[in-house]
Amino acid sequence: MGNDRIDKAMIHLLKPSRISLLILFALMAGAFAGIAHADTPEPGVRAVGDPPPTPTTPQAAPTPGFLTSPGGSPQAPATPAGPSEPPLPPHPTPEQRLAGLTLEQRVGQLFMVAAKADGSDAGTVADLLNNHVGNMYLAGRSQAGLAATASVVAKLKAAISPASSRGLPLSVATDQEGGSVQVLRGPGFAPLPAALDQGNSSPEQLRADARKWGSELLQAGVNVDLAPVLDTVPSPDFAPSNKPIGAFKREYGFTPAGVSEHGNAMAAGLRDAGVAPVAKHFPGMGRVSLNTDVSTNVHDTETSRTDPYLMPFKAAIDGGLRWVMISNAYYDKIDPDHAAPFSSEIMRTMLRTDAGFTGIIVSDDLCNAVQLSPWSVGDRATNFISAGGTMVLCADTASVPAMYAQVLQRAQADPDFRKSVDAAALTVLQVKAGK
């Protein structure tokens with residue numbers, strides 16, 4: 001009885017339609033087994049989403065965002081393991097570029113580090129650029145000429161890993177004002193007269209001269225000039241007492257109209273050559289006596305929010321200028337409690353709202369300026385960005401890792417500060433894209 005039932009059941013299963021179903025089920029089972037096997041990581045390979053392996057031996061934590069060589073100096077980061085970054089669209093917008101950057105890369109775009117114009121610290125600067133720092137300026141003095149300068153810049157650019165800034169262009173600046181403030185000299189670089197002497201030319205001639213000077217910079221790989229000075233010194237009699245500007249003939253004249261006409265002719269000529277001019281030192285250093293580079297407690301007691309001496313800066317902004325440098329002085333009639341680089345009244349209210357400026361607000365040197373010695377270098381960077389600044393300029397390469405680390409840590413911990421970082425990074429990307 002039992003065997004008969006088994007035979008009938010076997011006959012029933014062996015009918016053609018049942019055979020087809022059995023074959024189909026077998027094939028499906030084999031396919032699922034293959035998929036399951038393919039999702040299993042091979043030994044030593046971590047699947048996406050798995051926690052990183054625990055180190056077998058304790059290691060000292062490096063400065064956030066920077067790898068450190070055995071000697072203690074910053075070192076270029078290794079190429080990250082895991083899947084490669086998704087490709088950007090063929091012509092990405094600044095917003096799309098920002099979305100493709102890590103927080104570390106965004107913070108790096110907010111720094112401009114000094115590089116000796118003779119290339120003697122190229123290794124140190126290359127390490128910083130490989131740790132996401134996105135901008136540099138040639139500092140000091142060089143008599144080596146155009147070709148040698150171009151070689152220094154080219155070597156620094158070539159040393160940057162694509163993983164550091166995801167292919168974003170490097171802003172390369174210098175101080176090529178004229179007179180005693182001309183970093184790059186030698187064959188290929190024309191000697192520039194001081195700004196006060198430039199003011200003796202017609203605006204048309206000055207613009208033509210500035211185009212030539214800008215062309216020399218561009219050939220050397222420099223695409224940003226930390227000039228012109230748009231500070232107005234009140235009179236020739238006061239000029240020798242004005243330590244940062246008048247004492248070096250850095251002013252274009254002694255009235256806001258004269259400074260605006262000639263200073264902005266210089267700016268226009270640089271732009272004609274393809275070099276971005278930087279108007280400085282907002283809201284003006286022509287009325288102070290002491291120099292913030294070498295003195296503390298430097299105050300301007302006259303400049304106000306609606307001062308006529310602001311006119312050269314407003315004319316530059318209305319003319320399309322995309323970079324403005326902030327003074328390191330205090331302005332008692334504007335914000336007596338905060339030095340200018342830490343003043344939202346000066347940067348957000350006066351520059352952004354009153355003047356309608358949408359470009360890069362770059363600091364004067366935040367690292368070596370004696371005026372800022374009461375603050376740690378890290379606080380100088382975070383205070384500047386919190387108050388509305390865009391790009392930290394630092395003349396001391398050794399200070400950059402600590403500044404970068406504090407900005408990164410605060411951005412990770414403070415959502416409001418993170419918004420300031422993201423907004424500043426987007427501004428940098430927009431200006432680099434020519435917007």
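This is a predicted model: local features need pLDDT of at least 70, side-chain atom pairs count only at pLDDT 80 or more; totals for chains, interfaces and linings use all residues.
User: How many Å does α15 reach from its first C-alpha to its last?
Analyst: Helix α15 covers residues 415-432, which gives 18 residues. At 1.5 Å a residue the expected value is 26 Å, and the helix comes close to it. The reach from first C-alpha to last is 26 Å.

User: Which residue just after α15 takes a positive phi, and of about what value?
Analyst: Within α15 the buried residues include Val431 and Lys432. Just after the helix, the residue with the positive phi is Gly434, at about 85°.

User: Which residue with a positive phi follows α5?
Analyst: Helix α5 spans residues 122-130, and its buried residues include Leu128, Leu129 and Asn130. The phi of the residue that follows is positive, near 85°, and that residue is His132.

User: Why is one side of β11 and of β14 left without a neighbour in the sheet?
Analyst: The sheet is open, with mixed pairing and the order β11-β13-β14. β11 (299-300) and β14 (335-339) stand at its edges, so one side of each lacks a neighbour, each having a single partner strand.

User: Which residue in β14 does Tyr331 stand opposite?
Analyst: Strand β13, residues 330-331, pairs with β14 in the antiparallel sense over two bridges. In β14, the residue opposite Tyr331 is Asp335.

Technical notes
Residues are numbered from 1 along each chain as its sequence is written. Side-chain values use heavy atoms; hydrogens and water are left out. Helices (H or I, at least four residues) and strands (E, at least two) are DSSP runs, numbered from the N terminus. The expected span of a helix is 1.5 Å times one less than its number of residues. Buried means under 20% relative accessible area, exposed over 50%, partly exposed in between (1.4 Å probe, protein chains only). Two strands pair if DSSP finds at least two bridges between them.
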